[in-house]
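This report describes one chain of the structure shown below, from its overall make-up to its contact with a neighbouring chain. Please keep the display at hand while reading.

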Amino acid sequence: MRMLIFKTDSLMDSKLIVLPIDDPPEAQAMFLEMLDQDLVLIVVLGETKLAEETARRADILTGGILAEPRWVIHAPIREDIMDILITLEDPGGLVTDWEKPLAVALSLTDVIRDMIVRDGTQPTFSRIDDAFISAEVD
Amino acid sequence: MKNAILLFILLLSVSNVQAQLITITEMDESGNHRLLAEGRQAIDINSKLNIVVNKNAITSHVDSELISGGSKAVDSLIAKLRVYKSFIQRLDAAIQQYTLLFDASGDTVSTILLAPILRERAQAGQSIVRLFPEGARFHRRREEELPFVAGKGSNENFRIILRLLAEEIQFAENDLAGLRKQAGYYFQLAAWFVSSRGTEPLHIDGFDELAPGDYFHFERNQLYLTPEQLTELQSLNSFFEDMDESNVFEKFADVLPGILAKAIDEELIQAQIAQVKSNINGLVTQARAEKENIIARTNEIEIKWNVLRQDMHNLIEKYTRNEGATATLTKSELLRFFMDDITNVNRQISTIVDDIKGLVTSVDFQALGAGVNSIKTDFTSLHTILGKQAQDLLGHAREGYQFAVYGRQINAAALELSEEILKLSIDNIPVSTVLDLHYAGKRDPGDVLLVKAMIWKGEETSPVITEVRDYPVMNALPHIQMNVAYSFARPISIESNWKGGPLVSILYKFKSHSLAYRNFMDVGIGLHAASYDFNNDDTPEFAGGAVLSLFKDYLQAGWGFNFNANRGYWFAGLRIPIPTAPVSLAGS
């Protein structure tokens, strides 16, 4: 748990963490490390163009300031972190089949608060921002 | 910043239902600004008035009118605006809280503190986003804006929501404006100046096509004695013999007799009494005793009326010749005596009214037979006329009293609106304007400036809402005033009688916006120069010192030193009632 956030106005070029595609343990470790901090996360799953664009858009919506809690994780190989994903709390029953989400939004306490469905269309900026907002409401 | 201003303006637009239509600030010659919050308030005679039109209040009034007139469209728009307002306030506060958290001192932020603030911001934003259905303008605009938030912090995403909601408020406002326009509402702002010349309309930039009035600066820079004062000074020794008090009460010489003469319509009452007598004398009846009773009591009423008439004539004569003022030194005393006289007259009228009433109720008119109805009507008519005129008399007297204390009284409802006053649609009302009293032409303290703001609807002949402000003008700023007086000095340390002699004083007058204070107390402090003959050698000696004045300088007292006699003295003096010109310290 990250109880304290260091204040800084530092701008980051990106707040998007792309998990490695060829090292599952490392991907899991990185994912767990992110979950261990008090962050509001959009976790984008898959290696499609749609997923990449979704991660890029979500990255823009973080606002880029290091100290703020919004971050984005892109897991191109969803199976690498599946063992962890299925342990996450989902009180709303949003995810019944982990093949369906294109992205999920996690609250500060790592609870699933929104799910963007994988339906072949590109999620809009508004839809992704709404997901962030839903996770922050927690 | 721009957004914050926009937001502020928008919020105001939905919270001004009971606000005033105009806000007026006085800018006096000394550069002071004073908000004129009351309907009637004295202002300086050379001031400028900054008039700000509260457009939000106007639209709110119009909206209330429309709603009360049954406009559901307006009702729903206003309800929507209220909801938007509450949401926008909540989100704005949440964004600020979030900013403050990171701006506060210290290097770290506790996530325990962060979580609720993050939640509040998100909930506030979410509730706004959910107001609008899918595909709505709000969502399209949000999608256009969000790609450009990179590097601006997450607050920017919420500021977009805030801005877009503000846009929605603006759209709702525009819809409201359209409905108002459709209903034909318009606004007028007019001003008049009421002086001894009568009532004249004044030009207000942006609100009428009247020509500006004559420029006139109320001159307060006369630090010298006028020729009239010099003449008066020369004849000071015969002051008491020659004194003409008409100047003291010049304002009232015209007013007081007029009050008495105009309030009571003597001819009408006289004619009414004559008719009553004629009808009762001509009445043919068997009830002789009853008829005699009425005649006797009518005669008594006539006698009382004749006494009253004579008293009225005496009073009119008395106040026309200012005899009422001979025993008085201040306006307040004159007014008090006048009000006493009026009260006496009123009491006499009341006695007559009671007598008539007693007569009508006690006499058995039925016993008189035919023709009785006209007699009873005559008495009732006389009773009504006298009662009303007694009321008028008191009313006029009070008006006269208020005129003296507070300046002119105006019947604002009777003022006519010139065709040159523009009828401005709500959208085209100028935000503010300046009314410069210098362009009100020649004016004197006690004159009144009147400003009237009105909202009209269509072709209706009276305004939906009227707001009237009247401002008596006065010499309100600190100024210096010269006066001549006749004084009596008592030399110090020797046994001597009071010595009379002329005195000139230069008095500093304090700033005051109270007409009652200026007209009565009007304290002054300053210096004096006087000429006495302490040695009794018939040669005037030069003396000077400090002076304190009261009651508009009619009473002056102080301490001085006789330079020729080398002796100090105390003195008391009376101002000679001639006009003097006060001098402003603030003006050029």
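How many bridges join strand E4 of chain B to E9(B)? In this predicted model, 5 bridges join the two, and strand E4 (residues 48-53) and E9(B) run antiparallel.

The pairing of E4 with E9 belongs to an open sheet of 4 strands in chain B, ordered E2-E1-E4-E9 and paired in antiparallel fashion. At its edges lie strand E2 (33-36) and strand E9 (432-436) of chain B, each of which pairs on one side only. When direction is ignored, neighbouring strands of this sheet are turned against each other by 25° on average.

In general, strands of a sheet pair through backbone hydrogen bonds, in a parallel or an antiparallel manner.

## Chain B as a whole

Chain B contains 14 helices and 18 strands. Of its 588 residues, 33% are buried. Among contacts in chain B between residues at least 6 apart in sequence, 73% link residues at least 24 apart.

## The side facing chain A

Contact between the chains involves 28 residues of chain B and 27 residues of chain A. On the chain B side, strand E5 (108-110), helix H4 (111-129), helix H5 (137-145) and helix H6 (155-183) each supply at least two residues. The largest share, 10 residues, comes from H4(B).

By residue class, the side of chain B that touches chain A comprises 11 nonpolar, 11 polar and 6 charged residues.

Note on methods. Residues numbered from 1 in each chain as written. Chains lettered and ligands numbered in written order. Predicted model: local features only at pLDDT ≥ 70, side-chain atom pairs only at ≥ 80, totals over all residues. Contact = placed C-beta atoms within 7 Å. Nonpolar A, V, L, I, M, F, W, Y, C, P; charged D, E, K, R; others polar. Pairing = 2+ DSSP bridges. Axes fitted to C-alpha atoms, helices over the stretch in contact; angles between N-to-C directions. Buried ≥ 20, exposed ≤ 12 C-beta atoms within 10 Å, placed from the backbone.
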